[in-house]
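Reader: I would like to understand how a protein chain is described in numbers. Could we go through one structure together?

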Amino acid sequence: MNAIEVRDVRKAYRRYGRRKQFATLKSALLSGGIIRDLKGEAAFEALRGVSFDVASGTTFGIVGRNGSGKSTLLKLIAGIGKPSAGDIRVHGRLSALIELGAGFHPEISGRDNVYINGMMLGLSKREIARRFDEIVAFAELEEFIDAPVKTYSSGMYMRLGFSVAINVDPDVLLVDEVLAVGDEAFTHKCLDKFAEFKRRGKTVLIVTHMLDLITRFCDPAMWLDHGVTRAHGDPKRVIDAYLLDVAAQENRALAAAPAASTPRDASPPADMNAAAEGRWGSREAEIVAVDFLRSDGTASHVFDSGEPVEIRLRVRAHEPLSDFVFGVGIFSVDGVCCYGTNTDIEGAEPAEFRGDAEVGFHLDRLGLVEGTYKVDVAVHRRNGAPYDYHRQLYTMRVTSKVKDTGTFRPPHRWTFSSGIRLSGL
Amino acid sequence: MLHSFRQLLRHRALIESLVARELKARYRGSALGLLWSFLNPLLLLLIYTFVFSVVMPGGRSGQVEHFPLFLFCGILPWTWFSSSLLESANVFVAGGGLLKKVLFPAEVLPIVTVLAGLVHFCLGLPILVAFILYYRVPITLDLAWLPLIVADQLLLTIGLALIVSALTVHFRDLRDLLGNLLTLAFFATPIVYPLSQAPGWAQRFLALNPFTHLAVAYQEVFVIPGPFTGWPRVIELGLVSLAVCFAGYFVFDRLRDTLAEEA
């Protein structure tokens with residue numbers, strides 16, 4: 001038995017540019033095109049043929065980037081707006097948490113707003129009266145329920161909105177990215193409520209960017225991208241596919257960035273640690289290109305924390321050199337040096353450097369926590385005078401499934417004596 | 001359309017609560033509160049009485065018995081009519097966010113506006129009664145027609161409010177246009193002058209304005225002595241209003257799906 005059936009749904013919006021032609025009576029009359037405009041031919045397709053079923057009693061997650069059509073889909077399922085084509089069926093009472101507290105009137109009391117909001121969501125007066133205490137208790141607003149809503153903090157406002165919507169007790173609940181309301185404690189309460197929903201065999205459809213929520217709660221998940229389904233099925237697999245695509249896109253964006261801002265020539269700054277990004281040096285030797293390579297030799301800008309990485313410099317000596325040092329530094333985005341080293345520090349004696357050459361700096365395991373890092377590369381004399389210094393010109397994104405904190409992840413493991421049992425590590 | 005209408009009926013309680021909220025919220029924070037529902041028409045009456053009996057006493061108004069009472073009979077329902085339409089024009093632009101986020105019949109909002117206006121109208125009636133007592137106008141059985149006249153106006157206003165609210169979403173110009181149209185309609189309605197004083201050709205023109213018949217009916221029931229002779233027109237107007245209401249609902253229903261997107 002399906003709670004929601006979506007069949008080849010399409011939704012087209014008129015492009016905003018056209019709206020202007022249509023927004024004033026004068027222009028509609030002058031161009032004589034009221035009828036033509038009403039048809040709205042140059043449309044933007046937010047959904048391009050989406051089909052799926054949500055089985056009754058399951059929790060279904062939808063992920064996707066901003067603008068992928070998630071919210072549009074949710075609104076169509078909620079009945080706010082009609083699909084341009086296709087068919088949507090919902091079996092059972094539906095409640096949608098699309099914006100919490102939408103329709104609250106600031107001037108009247110929380111009590112009156114609960115009644116009106118509840119009725120808008122489809123409850124009768126008597127049903128609300130019966131659930132009123134529960135609604136107020138869940139929102140933790142017992143003391144303030146008779147104060148006008150305009151005196152509420154935004155957290156109180158959201159909590160009351162959430163509490164009303166969740167207490168509608170629907171068979172099908174649609175949730176659009178609203179869990180980020182209130183503090184930790186309230187979020188936990190909301191999650192408990194979802195779990196309770198699940199236990200009682202209700203159907204939930206969640207749109208969220210909190211991916212761990214999807215893997216934790218959802219039975220199937222779907223990844224929506226530019227109005228089409230990219231993946232559908234086991235949440236873990238869907239999320240992995242989605243993350244991979246996000247990484248690939250970030251990669252393309254980062255690869256495009258250095259080209260956009262070609263290294264500028266600048267004089268060396270007085271204080272190296274305070275220096276902003278830039279490039280300087282006397283150029284007897286030059287760093288021609290910098291690549292970040294995976295173990296299979298492909299270039300990338302996004303790496304998993306546990307992956308091996310090679311930073312490869314293509315260098316050129318314009319005259320034969322015998323005094324040279326190669327160096328690499330990795331910085332967090334807030335400018336903290338995570339690691340820096342060079343061939344001189346590590347005890348290498350330079351002998352000869354001539355013509356075009358390559359230098360590889362190999363990290364067997366990246367070992368950084370998730371985040372974005374800037375990289376310095378340099379070739380300079382042993383006394384520090386730079387031939388060519390690239391200051392924070394390269395960006396590297398590190399991803400990780402484990403959300404640990406800090407900057408560095410040393411190789412580690414846990415052990416437990418008998419008496420403690422865990423799984424998953 | 002029938003389906004939509006059934007949906008609307010299911011939301012009776014919501015409409016009721018929204019009207020109550022509208023009344024509560026309107027004067028929240030003002031010192032005089034609901035008293036403004038009395039004061040507003042009273043002050044308007046004072047201004048018109050001053051203009052037409054003190055500043056320009058030579059006008060035709062001089063020939064009307066109990067001029068302030070006569071004036072009030074027209075102003076009170078007119079205020080209901082015009083403010084309902086003006087607010088309806090704004091109702092989705094102001095409350096548009098709601099349409100995008102909550103599923104409920106959109107026609108609830110303009111209907112609530114008109115009904116809230118009806119409550120204000122009813123709150124103004126005691127003032128009218130006070131005037132009647134003050135001028136010692138005999139109260140007759142004609143008053144029995146009042147509920148029907150009010151019902152006519154209610155249907156007419158709801159029909160127009162539905163059209164105005166839905167069209168304004170698409171044509172924002174309508175809001176400004178409407179203000180001027182209402183001013184024109186005000187003077188094209190025998191409110192500050194009696195219909196009988198207008199020249200014959202003008203009377204035929206004024207008869208095209210449905211509100212003319214409403215204003216005349218109110219005046220006949222409250223001020224003009226003698227039996228109420230205009231009742232056939234009240235029935236006719238009732239049919240016309242019903243037609244307007246249906247037409248309004250039809251137009252609204254056709255535009256319904258575009259409201260959430262455009263508002």
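Author: The questions and answers below concern chain B and its side facing chain A. This is a predicted model, in which local features need pLDDT of at least 70 and side-chain atom pairs count only at pLDDT 80 or more, while totals for chains, interfaces and linings use all residues. Residues are numbered from 1 along each chain as its sequence is written, and chains are lettered from A and ligands numbered from 1 in the order in which they are written.

Reader: How many helices and strands are there in chain B?
Author: Helices (H or I, at least four residues) and strands (E, at least two) are DSSP runs, numbered from the N terminus. Along the sequence, chain B reads α-α-α-α-α-α-α-α-α-α-α. The count is 11 helices and 0 strands.

Reader: Why does the radius of gyration of chain B agree with that of a compact globule?
Author: The radius is taken over C-alpha atoms, and the globule rule is 2.2 Å times the number of residues to the power 0.38. For 263 residues the rule gives a value near 18 Å, which agrees with the radius of chain B, 19 Å.

Reader: Which helix gives the largest share of the side of chain B that touches chain A?
Author: Two residues are in contact if their C-beta atoms, placed from the backbone, lie within 7 Å. By this rule, 22 residues of chain B are in contact with 26 residues of chain A. Helices H2 (12-26), H5 (96-101), H8 (173-187) and H11 (231-262) of chain B each give two or more residues to this side. The largest share, 7 residues, comes from H2(B).
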